[in-house]
Amino acid sequence: MDTKKVLLIDPDGKLRKELVEGTETPGFEFVEVASAAQALHVLAKQTIRIVILNITQADQEELDLISYIKVNVAGCEVVVLAGIHEIENAIRAVRHGAYLYLVKPVKSDDMRLVLQKISLRQEKDLKYLESQT
């Protein structure tokens, strides 16, 4: 199985570290950044398959990032993390193209399951596309 890179975007370094350590799963490599601007830099240089975006506020920059990913990064899915009081922002993110949102705090088992389901779907999509050529 190929290693898939997961881009984790969260301004809080401590929370990023906790999420990465709790979610470590064979076949996935995490790349951590603190902002949408840093994420754009990584997306330009590396092949990222999944983005995990912690919505911290009703920030247009975060929504623009999701739209950018959906248009410019083929096959990449975005998972949004939102607090219970940020559900409206999470729904807006899904409308901009996010695959789904999870309510914080996210259990490690739930995150691993989401990563595995997305990965499986991406592999099926790729096989289908290959069969059509």
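Me: Which residues of helix α4 are buried?

Reply: In α4, which covers residues 87-95, the buried ones are Asn-89, Ala-90 and Ala-93. They lie on the same side of α4, because they cover an arc of only 100° around the axis. The arc is taken over the directions from the helix axis to the C-beta atoms. Buried means under 20% relative accessible area, exposed means over 50%, and partly exposed is in between (1.4 Å probe, protein chains only). Helices (H or I, at least four residues) and strands (E, at least two) are DSSP runs, numbered from the N terminus.

This is a predicted model, in which local features need pLDDT of at least 70 and side-chain atom pairs count only at pLDDT 80 or more, while totals for chains, interfaces and linings use all residues. Residues are numbered from 1 along each chain as its sequence is written, and side-chain values use heavy atoms, leaving out hydrogens and water.

Me: What covers the buried residues of α4, and what is on the face turned away from them?

Reply: The cover includes α3 (60-72), β4 (77-82) and β5 (100-103). The face turned away carries the exposed residues Glu-88 and Arg-95.

Me: How do you know that the buried residues of α1 line one face?

Reply: The buried residues in α1 are Arg-16, Leu-19, Val-20 and Thr-23. Seen down the axis of α1, they fall within an arc of 95°, so they line one face of the helix. An α-helix has 3.6 residues a turn, so residues three or four places apart point the same way. The cover over the buried residues of α1 includes β1, β2, β3, β4 and α5.

Me: Why is Gly-22 called partly exposed?

Reply: Gly-22, in helix α1, has 22% relative accessibility and therefore counts as partly exposed. Leaving aside neighbours within four places in sequence, Gly-22 is in contact (heavy atoms within 4.5 Å) with Ser-108 and Arg-112. Gly-22 and Arg-112 are 90 residues apart along the chain, and their C-alpha atoms are separated by 9.0 Å.

Me: What makes α1 and α5 roughly perpendicular?

Reply: Helix α1 (residues 13-23) packs against α5 at an angle of about 70°, with the axes 9 Å apart. Angles of 65 to 115 degrees count as roughly perpendicular, under 35 as roughly parallel, over 145 as roughly antiparallel and the rest as oblique. The two helices are therefore roughly perpendicular to each other. The contact is made by Leu-19, Gly-22 and Thr-23 of α1 with Ser-108, Met-111, Arg-112 and Leu-115 of α5. The axes are lines fitted to C-alpha atoms over the stretch in contact, and angles run from 0 to 180 degrees between N-to-C directions.

Me: Why is Gln-122 called buried?

Reply: The relative accessible area of Gln-122 is 8%, so Gln-122 is buried. Gln-122 lies in helix α5 (residues 108-131). Its contacts, leaving aside neighbours within four places in sequence, are Lys-4, Arg-49, Ile-50, Gly-75, Cys-76 and Glu-77.

Me: Which residues touch the most other members of the largest nonpolar core?

Reply: Of its 24 residues, these are Leu-7, Ile-9, Ile-48, Val-51, Ile-69, Val-78 and Val-80. A second, separate core has 15 residues, including Leu-19, Phe-28, Leu-102 and Val-114. A nonpolar core is a set of buried Ala, Val, Leu, Ile, Met, Phe, Trp, Tyr and Cys residues joined through side-chain atoms within 4.5 Å.
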